[in-house]
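Work through the exercises below with the sequence and the model open. Each task is followed by a solution in steps.

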Amino acid sequence: MANKYLKRFNLKKFKALFRNKKLLVVFMALLTTLVISSATYALVNNNTEPEVVEVSEPTEQQEEPEVESEEEPPETPAPVELEPTPKPEPEPVSPWPVTFSLDQASSLTVVVNKKHKLPSNYVPSLTGVAGGQMRPEAASALNTMLQAAQNDGVPMKIISSYRSYPTQVSTYNKWVRIDGQAQADRSSARPGHSEHQTGLAVDLGVPNGNCDLLICFGSTAQGQWLATYAQKYGFIVRYESNTEAITGYQYEPWHMRYLGVSTATAVKNSGQTLDQYYGVEAGGY
Ligand SMILES: [Zn+2]
């Protein structure tokens, strides 16, 4: 039965093919076209494959930039590491100088030195003295003292009393220009560090100007008188000889600091500097 069916089928097909040769030709033409098309498609696919590979390569190249971008971040923090490298920054670690509050600055016993400074905007209440200004308490005591010295035959003049912060800027800069900063720091305070800004300090001298602001003033009658009696009027010689390591300033026998009679007498009798007497950190900047 199966053979019969195949024979019938092949026969019919065979006959049909021969019955219409034109259809066979067309069929064969279509078949050929199909084969060629398939072959072409296969070739195109083969050609496309490398393209796909090529496409994948750029993908890899895109990944490479990602690797590069991963390398870039380490480069970014590098300059950040360089910024904190400069060594000047550790300086702020130092607690000095301490700047007083306005209330602290106005204390009659405030200890201003190279480690403790006044606010730049601190201006005390002032009253006039010969050729300058001082706080009323200090001005009154100074007038009394100068009168007593006059009576003892050692008249004195006021060289400098209150100096504002801006004035101290000029004063300090002047001495830096003249002597250089190292020497200027031994005798002239940097702005904010001067007792003259408190209105409680005064520089005195011999009327004829002999030894003005010089160590030799300590040997004059005026200098000797102040070293002996100043505390009786509420003043001390703020920067004594041989105390530079403590006060930060060289001997200034002309520089008087008002503290009030009781405190000035106590400091004088203690043999200490004002900084030591109050246990206040002093010395250099
Ligand atoms: Zn002075």
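The model is predicted: local features need pLDDT of at least 70, side-chain atom pairs count only at pLDDT 80 or more, and totals for chains, interfaces and linings use all residues. Residues are numbered from 1 along each chain as its sequence is written.

**Exercise 1. The chain**

Task: State how many helices and strands the protein chain has, and what share of its residues is buried.

Solution. Step 1: helices (H or I, at least four residues) and strands (E, at least two) are DSSP runs, numbered from the N terminus. The protein chain has 11 helices and 8 strands. Step 2: a residue is buried if 20 or more other C-beta atoms lie within 10 Å of its own, exposed if 12 or fewer, and partly exposed in between, with C-beta atoms placed from the backbone. Of the 285 residues in the protein chain, 27% are buried.

**Exercise 2. The sheet**

Task: Find the strand order of the open sheet of 4 strands.

Solution. Step 1: strands pair if DSSP finds at least two bridges between them. β5 (residues 157-160) and β6 run antiparallel and are joined by 3 bridges. Ile-158 has Leu-204 of β6 as its bridge partner, and Lys-157 has Gly-205. Step 2: β6 also pairs with β8, again antiparallel, over 3 bridges; here Val-202 is partnered by Met-256 of β8. Step 3: the order is β5-β6-β8-β7, with antiparallel pairing. β5 and β7 are the edge strands, each pairing on one side only. From one strand to the next the twist averages 45°.

**Exercise 3. Helices on the sheet**

Task: Which strands does α8 touch where it packs on the sheet, and which of its residues are buried?

Solution. Step 1: α8 packs on the sheet and touches β6, β7 and β8, with its direction at about 40° to that of β8. Axes are lines fitted to C-alpha atoms, for helices over the stretch in contact, and angles run from 0 to 180 degrees between N-to-C directions. Step 2: in α8 (residues 221-229), Gln-222, Gly-223 and Leu-226 are buried. They lie on the same side of α8, because they cover an arc of only 100° around the axis, the arc being that of the directions from the helix axis to the C-beta atoms. Step 3: their cover includes β6 (201-205), β7 (235-239) and β8 (252-258).

**Exercise 4. A loop residue**

Task: Is Ser-161 buried or exposed?

Solution. Step 1: Ser-161 sits in the loop between β5 and α6 (165-179). Step 2: Ser-161 is buried, because 25 other C-beta atoms lie within 10 Å. Step 3: leaving out residues up to four places away in sequence, Ser-161 touches Val-129, Gly-132, Gln-133, Met-134 and Val-202, a contact being two C-beta atoms, placed from the backbone, within 7 Å.
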